[in-house]
Protein chains: 2
Amino acid sequence: MYAAILAGGVGTRLWPRSRRSLPKQFADITGSGQTMIQATVSRIAHLVTPDRTFILTGEQYRSLAAQQIPALPAANILVEPSGRSTAPAIGLACIHLRKRDPDAVIAILHADHVFGDEAHYCTILQQAEIAAQAGYLAILGAEPEFPHTGYGYIKRSHSALTIPGDWPVFGVERFLEKPDLATAQRFLSEGGYYWNVGNFISRVDLLLGEFERQLPELYAGLLRIEAALDTDQATPVLQEVWPTLPNISIDHGIMEGAGQVAVVPLDAGWNDVGSWDTLETLRPADEQGNCLVQGDSVFIASRGNIISGGNRIIALVGVDNLVVVDTGDALLIGHKEQIQQVKQVVDELQNRDRLDLL
Amino acid sequence: MYAAILAGGVGTRLWPRSRRSLPKQFADITGSGQTMIQATVSRIAHLVTPDRTFILTGEQYRSLAAQQIPALPAANILVEPSGRSTAPAIGLACIHLRKRDPDAVIAILHADHVFGDEAHYCTILQQAEIAAQAGYLAILGAEPEFPHTGYGYIKRSHSALTIPGDWPVFGVERFLEKPDLATAQRFLSEGGYYWNVGNFISRVDLLLGEFERQLPELYAGLLRIEAALDTDQATPVLQEVWPTLPNISIDHGIMEGAGQVAVVPLDAGWNDVGSWDTLETLRPADEQGNCLVQGDSVFIASRGNIISGGNRIIALVGVDNLVVVDTGDALLIGHKEQIQQVKQVVDELQNRDRLDLL
């Protein structure tokens, strides 16, 4: 199996540790001691070697990726000339891989996700590989833990497919957009729905076949890029073609209309680390519910706080349910329930022309 | 007029900007651009020259005082061999001054107080000087702004004394300890009560006369220290005598039993900067009631916060009534109403043997 790791995002919601110059996937957001992309590569290391791993990112992050994953061959860093949605990026990975190994299975992963139970995650990834070998576009579905309204859902078929391996694999009845709360609650009470984790596992020929059938314009662009690979025209052609490719997501562009899609359920504590408040599900809290992600702190009469500190000590006195993120040049203090508004801080800093802080 | 500025305190309640190595009087707590002792000297500069100003502090702070008040003659820094209460310190200043100018008037001031209306404060100080020349131990009394339970109170005489000058001066009927809330409320509704600011203005001979009469043991020690001044025995005698002096405050030891005490009322926005939450009375707040004492900040959906920042930007999101103090190596985040508990942080750091942070 090969892996293509999507690492092109900016991660504004994790400011101030996530910056334009160091987006969250290149930062240690979770306090693990590794950056998120390092953790992503390590997590699957026994399944996919660095030699078979591709990273898709922007030109400005090429050197970060190379520094952080030193075992990765330089040629495996695939640069997206500009930020587009997932379908062009995945198509780019696929044509690189087809040139190298046309029978390959590719796992499309995200550089900024976390799985609490990594062993189970890898087991399910292997089950998905078996489904992919059997001709399916396999997608991982996380058992929903609560009626989240910020994720897409997948409705599975009633019965499991007949696929080798120890873990159930289902057909996909429907992809569902982010639901309202009542709908999400119905999904949970009915059962058979999963959160769409955004991990796709497929034979590369089969996936490119879906591009050709469903996104012929995008596929034509990919063919032009592919024809120039390993020539001195590779970069100019990529630069020319890339901006003309339809800016569409893999879910909308391919998965929803694909022929044989399978979902492999997993219950591995998936976390997309979409905002600071999700961190408390990743790290143990103390008896007062305070979660020290990293750094050093003193808690006096304080409960339910999340601390992502740096070198300085952080003392809390009589405060509850705060998120505190301390970096060298910026400090964020927010209420857990309103921490999504950190985007407004970034907007305000942009207005003030404080590009150094973005 | 001469001044003796008491600068021996430690200021734990203003951690982390106030440290053992840099107590609050030597720090810029209020965001004025001056340290508190610099502001104290500047405030009275047109009344008392540095040549006539004495600073009382510990040996470990002698060089800080010299650096921060470069115009002060080195001999005017009077070192207390160990931290004692106010009566020994004031007695020490008095014997130094008696040697130099036995007819002098001395104003005993604190290095860590702030007055919003400095011009009015100086006017009242001058009025107190007139009262002192007339033979009174004069004391400043602040018009109480609310029924504070943390200050001592002074009950004035019914009628004003006959003292020259444009401002009323009253006799003192009684000194009152820190009252409970009901008592403080009664003081305010009755009228004629003042907060004891702890500024004393007196002829030095008269004040030493009160020491001799009321604290004869302490006075005997002072005489021994005085006899050795300007000899090579000055320091050894001070070191030997100092620990034997009664550890008593000027209020209990002298003022409460003094013969002729006068109170000069002032309404100059006195603030003893006893804790971080008092800072919001010193600096203008924005429309959301956020008070930026120093530093740079972004406020999103946040109200009533007090920020004492440093070099890094501080972004608040959806939080109310916090105190945030950011220094190079420590960060304090507390609820305004519980910020007195900062002492527990200092205790905890002591327990952890983090002497670098105390």
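In this predicted model, chain B superposes on chain A by a rotation of 180 degrees with 0.1 Å of shift along the axis, at an RMSD of 0.1 Å. The two chains are therefore related by a two-fold axis. Within chain B, Ile333(B) has the C-alpha nearest that axis, at 4.4 Å. Both copies use the same surface, since 100% of the contact residues of chain B recur in chain A.

**The contact between the chains**

Chain A gives 30 residues to the contact, and chain B gives 30 residues. On the chain B side, at least two residues each come from strand 12 (291-300), strand 13 (306-317), strand 14 (322-326), strand 15 (330-335) and helix 10 (342-351). Sorted by class, this side of chain B holds 20 nonpolar, six polar and four charged residues.

Strands also pair across the contact. Strand 13 of chain A, residues 306-317, runs parallel to strand 15 of chain B, and five bridges join the pair. In this pairing, Gly334(B) of strand 15 of chain B is opposite Val317(A).

**A helix pair within chain A**

Helix 3 (residues 86-100) and helix 7 (residues 216-228) of chain A pack with their axes 10 Å apart, at an angle of about 45 degrees. Helix 3 of chain A contributes Ala87(A), Pro88(A), Gly91(A), Leu92(A), Ile95(A) and Lys99(A), while helix 7 of chain A contributes Leu218(A), Leu222(A), Ile225(A) and Glu226(A). By class, the residues of this contact are seven nonpolar, one polar and two charged.

**Backbone exceptions**

Most peptide bonds are trans, and most residues other than glycine have a negative phi. The table lists exceptions in the two chains.

| Residues | Feature | Value |
|---|---|---|
| Trp15(A) and Pro16(A) | cis peptide bond | omega about 5 degrees |
| Trp15(B) and Pro16(B) | cis peptide bond | omega about 5 degrees |
| Ala301(B) | positive phi, not a glycine | phi about 50 degrees |

Pro16(A) lies in the loop of chain A between strand 1 (2-6) and helix 1 (36-43). In chain B, Pro16(B) is in the loop that runs between strand 1 (2-6) and helix 1 (36-43). Ala301(B) is placed in the loop between strand 12 and strand 13 of chain B. Strand 12 and strand 13 of chain B are among the elements that supply at least two residues each to the side touching chain A.

Key:
Residues numbered from 1 in each chain as written. Chains lettered and ligands numbered in written order. Predicted model: local features only at pLDDT ≥ 70, side-chain atom pairs only at ≥ 80, totals over all residues. Contact = placed C-beta atoms within 7 Å. Helix = DSSP H or I, 4+ residues; strand = E, 2+ residues; numbered from the N terminus. Nonpolar A, V, L, I, M, F, W, Y, C, P; charged D, E, K, R; others polar. Pairing = 2+ DSSP bridges. Axes fitted to C-alpha atoms, helices over the stretch in contact; angles between N-to-C directions. Least-squares fit on C-alpha atoms with pLDDT ≥ 70 in both.
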